[in-house]
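Subject: Structure for your review

Dear colleague,

Please find below the structure that I am handing over to you. A summary of the findings follows it.

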Amino acid sequence: MRLRSGAAIAALVMLSVAGCKTDTTGTGDAGPEATNGAGSGGGAALTAAEALPVKGRAPKTGYSRERFGTAWADTDSNSCDTRDDILKRDLKQVKFTGGDCKVSYGVLENDPYSGKEVVYKRGASLVDIDHLVALSDAWQKGAKYWDASKRIALANDPLNLLTVGASPNRSKGDGDTATWVPPKAYRCTYVAAQVAVKKKYGLWVTSAEKAAMVKVLSTCSKQALPTGGNPTNAPSRFHAK
């Protein structure tokens, strides 16, 4: 849904979770920070941002989460749902219940949106899986015209997903770069990831959004462009309303 630069983190709080097994290494697909050796080279993010097509924001009419399929569908067919895949990828000290899919505990050592350490406990979580490009934003910038397969793919693509603290994520809402960015320590990586997703899926940006992207990436002109994630069409067994 990677790790983080930012404010100093607090001392690690160790919690035991009965009946669970521990995995200390992430095994999920590469996410938006997987740029070293995998992403395009220096300056690629700024170049890509400057090339994004510009149009006005379309009406939100017709949008619903269901238009992007069932939440956290297993589109990569690894028998684990997307949410658990991203938790397993992004958290440290991961523990599972009943196998190696269902994450019951983990530590987000440095939340990219706050710089703080956040503990994940299933059922009482202080973390969210953020869609870097919000689904409603995508809907208004091209996704409403796609077939369901492409919308489902976007909603479950690791390139567009990041584990973050719940509180700052909910202050973001469905904002784009023109209306919300994280603290400076993570800002270039965050904007580069949004650019990568919009380029991959052929989404447009508003003029204000593009200007904000270019402004941020001009402060880190060697920022690489993340690549990878899942195919842009989900398997045919998945459906959306």
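I begin with a hairpin. Strands β2 and β3 form a hairpin with 6 residues between the strands, and within this hairpin Gly98 takes a positive phi near 65°. Please bear in mind throughout that this is a predicted model.

The strands

Strand β2 covers residues 92-96 and runs antiparallel to β3, to which 3 bridges join it. In this pairing, Lys92 has Val107 of β3 opposite it. Strand β3 also pairs with β4 (residues 118-121); these two strands are antiparallel as well, and 4 bridges join them. Here Tyr105 stands opposite Lys121 in β4.

How far is strand β3 enclosed by the rest of the structure? Of the 6 residues in this strand (residues 103-108), 6 are buried, so β3 is largely enclosed.

In soluble globular proteins, nonpolar side chains tend to be buried together. In the present model, the largest nonpolar core holds 39 residues, and Tyr113, Leu154, Val195 and Leu217 have the most contacts inside it. The elements that each supply at least two residues of this core are α1 (44-51), α3 (135-140), α4 (148-155), β6 (161-165), α6 (184-201) and α7 (207-217). Helix α6 makes the greatest contribution, with 10 residues.

Which residues does Val195 contact, once its neighbours within four places in sequence are left aside? They are Ala45, Ala48, Ala49, Leu52, Met213, Leu217 and Leu225.

Another core, of 13 residues, lies apart from the largest one; Ile86, Leu87, Val94 and Tyr120 are among its members.

The largest pocket

The largest pocket contains about 230 Å³ of space. It is lined by 15 residues, of which Asp130, His131, Ala134, Leu135 and Gly173 are the closest to its centre. Two or more lining residues come from each of β5 (127-131), α3 and α5 (166-172). Strand β5 provides the largest share of the lining, namely 4 residues.

What is the make-up of this lining in nonpolar, polar and charged residues? It divides into 6 nonpolar, 4 polar and 5 charged residues.

With kind regards

Technical notes: Residues are numbered from 1 along each chain as its sequence is written. This is a predicted model: local features need pLDDT of at least 70, side-chain atom pairs count only at pLDDT 80 or more; totals for chains, interfaces and linings use all residues. Side-chain values use heavy atoms; hydrogens and water are left out. A nonpolar core is a set of buried Ala, Val, Leu, Ile, Met, Phe, Trp, Tyr and Cys residues joined through side-chain atoms within 4.5 Å. Buried means under 20% relative accessible area, exposed over 50%, partly exposed in between (1.4 Å probe, protein chains only). Contact means heavy atoms within 4.5 Å. Two strands pair if DSSP finds at least two bridges between them. On a 1 Å grid over the protein atoms alone, a cavity is a set of points where a 1.4 Å probe fits but cannot get out, and a pocket is an open set with protein on both sides within 12 Å along at least five of seven lines; lining residues have an atom within 4 Å of a point. Grid points are joined across faces, edges and corners, and a volume is the space filled by probe spheres set on the points. Ala, Val, Leu, Ile, Met, Phe, Trp, Tyr, Cys and Pro count as nonpolar, Asp, Glu, Lys and Arg as charged, and the others, Gly among them, as polar.
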